[in-house]
Amino acid sequence: MSKKIKFFLRFLRFYWNAQTSYRIHSPFVFEFAREILDDQRTFYAFPVLERLRSSLLRNRTTVEITDYGAGSKVKRGDERSIRELVKHSATSPFFCRVLFKTINAYQPLNALELGTSVGISSLYQAAGLGTGGRLITLEGCPEIARIAAENIEMADVHNIDLRVGTFAETLVPALKDLQRLDYVFIDGNHRRVPTLEYFETCLLYAHETSIFVLDDIHWSEEMEAAWQTIQQHPRVSLTIDLFACGLVFFRPQNKTKLHYQLVANRYKPWQMGFFRAR
């Protein structure tokens, strides 16, 4: 069975089990679904950053890639055009908005991103930060980091600290600089063991209101295994699976572990209750 078919089957399994805000009893998760998934407002940063994305999608300049992770989903080799990087590696518009709205809603001050790519997701997240908030973003590939730095400079954003090097070199120093980790987006390596290592390292600086976001948790069976291990971690009290990414919470209010798979209510309109038998 091909990887694409396996991925599609994983999506069907997720979609079949996913709930909407109309089926959620947890007040915290209900509020998350309504404010993050169901809110379709266009915030001030969205049009600007999507114009940047459109511009990069027209750029066919080729760059040499240094890949320390599981590789591209769609292309082999060590060269990519900027267009291909944006199309296949950058976080999608929908989930960039999820990242922005998550940060905008919970207002972390000390934020970290593992995997800058061309900087679009970094700019979305930085735009959601409140006064005094900062984002340290880590990128392993020097050429991609150069493109990201150009995009960040062009956007005239000053609360992003871009650091270049392998995560083995940059992660611990970044965490020590932050001291207290309020939020982290892990999107740099799609393999089980490194993902769990990054999670455990970040956990040393986390607290009960920290938010961890992991990208591509259904990208492969290996990543699904990593996600399941994280869900069972003793410090984890709540997880939210959005298929393309998963969110981890450490709320002491949850005396038992809660795990949700969510979609916006517009993607499952029959769960609104219009078709219930009277």
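Me: What share of the contacts with a separation of 6 or more comes from residues 24 or more positions apart?
Reply: Residues 24 or more positions apart account for 73% of those contacts in the protein. Keep in mind that this is a predicted model.

Me: How many helices and strands are there?
Reply: The protein has ten helices and ten strands.

Me: What percentage of the residues is buried?
Reply: Of the 278 residues, 53% are buried. The protein exposes about 13,800 Å², and carbon and sulfur atoms supply 53% of that area.

Me: Which residues make a nonpolar patch on the surface?
Reply: Met1, Ile5, Phe8, Leu9, Phe11 and Leu12 do, with about 590 Å² of accessible area together. Met1 sits in the segment before helix H1, which spans 3-17.

Me: Why is Met1 called exposed?
Reply: Because its relative accessible area is 68%, and exposed means over 50%.

Me: Switching to charges. How many salt bridges are there in the structure?
Reply: Nine. One of them joins Arg53 to Glu50, with the closest N and O atoms 2.8 Å apart.

Me: Where are Arg53 and Glu50 in the fold?
Reply: Both are in helix H3, residues 45-57, and they lie three residues apart, about one turn of the helix.

Me: Are those two, Arg53 and Glu50, buried or exposed?
Reply: Arg53 and Glu50 are both buried.

Me: What does Glu143 pair with in a salt bridge?
Reply: With Arg146, at 3.0 Å from N to O. Glu143 and Arg146 are in helix H7, residues 142-154, and being three residues apart they are separated by about one helical turn.

Me: How accessible are Glu143 and Arg146?
Reply: Glu143 counts as partly exposed because its relative accessibility is 30%. Arg146 has a relative accessible area of 36%, so Arg146 is partly exposed too.

Me: Which residues are linked with Arg146 in a network?
Reply: Glu143 and Glu150 are linked with Arg146 in a network of salt bridges.

Me: What about Asp161, what is its salt-bridge partner?
Reply: Arg163, with the closest N and O atoms 2.9 Å apart. Asp161 is partly exposed, at 29% relative accessible area.

Me: New topic, H10. Which of its residues are buried?
Reply: Met223, Glu224, Ala226, Trp227, Ile230 and Gln231 are buried in H10. Seen down the helix axis, the buried residues of H10 fall within an arc of 160°, so they line one face.

Me: What covers the buried residues of H10?
Reply: The cover includes H1, helix H9 (192-203), strand E7 (211-215), E8, strand E9 (245-249) and strand E10 (258-261).

Me: Where does His233 lie?
Reply: His233 is in the loop between helix H10 (221-231) and strand E8 (238-241).

Me: Why does His233 count as buried?
Reply: Its relative accessibility is 16%, and the buried class is under 20%.

Me: What is His233 in contact with, leaving aside neighbours within four places in sequence?
Reply: His233 is in contact with Phe199, Glu200, Leu203 and Lys257.

Conventions: Residues are numbered from 1 along each chain as its sequence is written. This is a predicted model: local features need pLDDT of at least 70, side-chain atom pairs count only at pLDDT 80 or more; totals for chains, interfaces and linings use all residues. Side-chain values use heavy atoms; hydrogens and water are left out. Patches are made of residues with over 30% relative accessible area and no salt bridge: like charges are joined within 9 Å, nonpolar side chains (Val, Leu, Ile, Met, Phe, Trp, Tyr) within 5 Å. Accessible areas come from the Shrake-Rupley method with a 1.4 Å probe; for residues, only the protein chains shown count as cover. A salt bridge is a side-chain nitrogen of Lys or Arg within 4 Å of a carboxyl oxygen of Asp or Glu. Helices (H or I, at least four residues) and strands (E, at least two) are DSSP runs, numbered from the N terminus. Buried means under 20% relative accessible area, exposed over 50%, partly exposed in between (1.4 Å probe, protein chains only). Contact means heavy atoms within 4.5 Å. The arc is that of the directions from the helix axis to the C-beta atoms.
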